[in-house]
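Keep the sequence at hand while reading.

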Amino acid sequence: VEVTGPLNAPLVRADITVPEGELRLLRGLGGGVTTLDVTEDVTEKAASPPSASTPAAATAAAPSTPPPGPQLDLRIVVPQRFFIRGRGLDSEWKGDLRVSGPAASPALVGALSPVRGRFDLLAKPFSLSRGSIAFTGERPPNPALDLDLTNEGPAVTAVAHVGGTARRPALSLSSTPALPQDEVMSYVLFGKPLTELSRFEALQAANALRTLSGAGGDFDVLTSVRRTLGVDVLRVGSSDPARQRAATTPRDPSLSGTATSGSAEQAHPTLEAGKYLLDNVYVGVEQGAEPGTTGARVEVELLPRLNLEGRSSPTSSELGIMWKKDY
């Protein structure tokens with residue numbers, strides 16, 4: 001650090017490297033600021049003439065100007081290992097920033113970019129794939145956002161793009177293969193096209209789109225309940241008729257045609273709640289609408305493309321290794 005100039009307005013120069021840091025995003029600061037109505041008495045008082053012994057110039061106080069204060073010229077380098085956590089975000093960042101101007105209201109110029117990270121959007125895990133947070137010198141800072149968050153599903157890879165500024169962010173959905181936003185939301189939430197959703201699932205998908213676009217306000221029933229319960233995942237889905245049929249149908253091939261009646265093929269709503277014990281270990285409990293449909297699920301990500309998954313229900317238990325390849 002180099003400090004030069006007068007004591008009331010020194011120039012502070014420095015090259016600062018942050019080897020490791022952490023920023024916690026709180027869910028709510030609480031309290032708030034109370035606005036007080038202040039009434040100022042502006043009644044003019046009769047001014048007495050100055051005495052003969054007091055010069056007229058001495059009756060007016062000279063206006064006091066505050067000292068200019070320190071001036072900053074700082075470069076802040078974050079090579080890696082700067083973590084931003086909270087409100088569903090767990091991420092690592094790097095960046096190069098410059099701070100200049102008066103210390104009371106400095107200008108911040110530079111950018112932060114993600115090294116890796118994960119964000120829970122609509123109770124679904126999205127990974128920070130690319131992007132940056134660019135500071136352009138505004139006072140107070142209002143950085144420009146350009147971030148892509150990716151959710152890789154079995155049929156569709158969904159990309160949530162966050163643009164705009166920190167004060168007015170804008171979010172849009174796209175996918176590979178290309179689909180409309182409501183169709184992308186259907187695959188993200190339920191893993192199937194919009195035409196196969198039940199009425200309740202379609203309502204949930206529409207509410208999710210409204211929440212992301214800002215039209216639905218800040219109230220989200222599932223998010224509020226999830227935070228109250230303290231779980232990482234709380235989602236409404238539907239049962240898999242094929243999985244139920246495989247669990248309840250006898251192994252005799254001659255009876256394979258008896259389990260395809262209308263009731264067996266009908267999907268029923270389910271509720272799943274779960275928590276990530278580690279970044280790659282998920283434990284969840286799924287409850288169906290019918291009695292005896294409670295199940296547990298454990299997922300372990302062994303490698304980016306290799307998962308170990310175990311399921312248990314009153315009628316069956318399964319353990320398997322899943323490998324995936326996205327083209």
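Leu277, Leu278, Val283 and Val298 make up a nonpolar surface patch with about 350 Å² of accessible area together. Patches are built from residues with over 30% relative accessible area and no salt bridge, joining like charges within 9 Å and nonpolar side chains (Val, Leu, Ile, Met, Phe, Trp, Tyr) within 5 Å. Accessible areas are from the Shrake-Rupley method with a 1.4 Å probe, and for residues only the protein chains shown count as cover. The model is predicted: local features need pLDDT of at least 70, side-chain atom pairs count only at pLDDT 80 or more, and totals for chains, interfaces and linings use all residues. Residues are numbered from 1 along each chain as its sequence is written, and side-chain values use heavy atoms, leaving out hydrogens and water.

Valine 283 belongs to strand β13 (residues 281-288); strands (E, at least two residues) are DSSP runs numbered from the N terminus. Its relative accessible area is 33%, so valine 283 is partly exposed (buried is under 20%, exposed over 50%, partly exposed in between; 1.4 Å probe, protein chains only).

The whole structure holds 13 salt bridges, each a side-chain nitrogen of Lys or Arg within 4 Å of a carboxyl oxygen of Asp or Glu. One of them pairs glutamate 92 with arginine 116 at 2.4 Å, N to O. Glutamate 92 is in strand β5 (residues 89-102) and arginine 116 in strand β6 (residues 107-121), so the bridge ties together parts 24 residues apart in sequence. Glutamate 92 is buried, at 6% relative accessible area.

Arginine 297 and glutamate 299 also form a salt bridge (1.9 Å, N to O). Here arginine 297 is buried at 9%, while glutamate 299 is partly exposed at 23%.

Methods. Helices (H or I, at least four residues) and strands (E, at least two) are DSSP runs, numbered from the N terminus.
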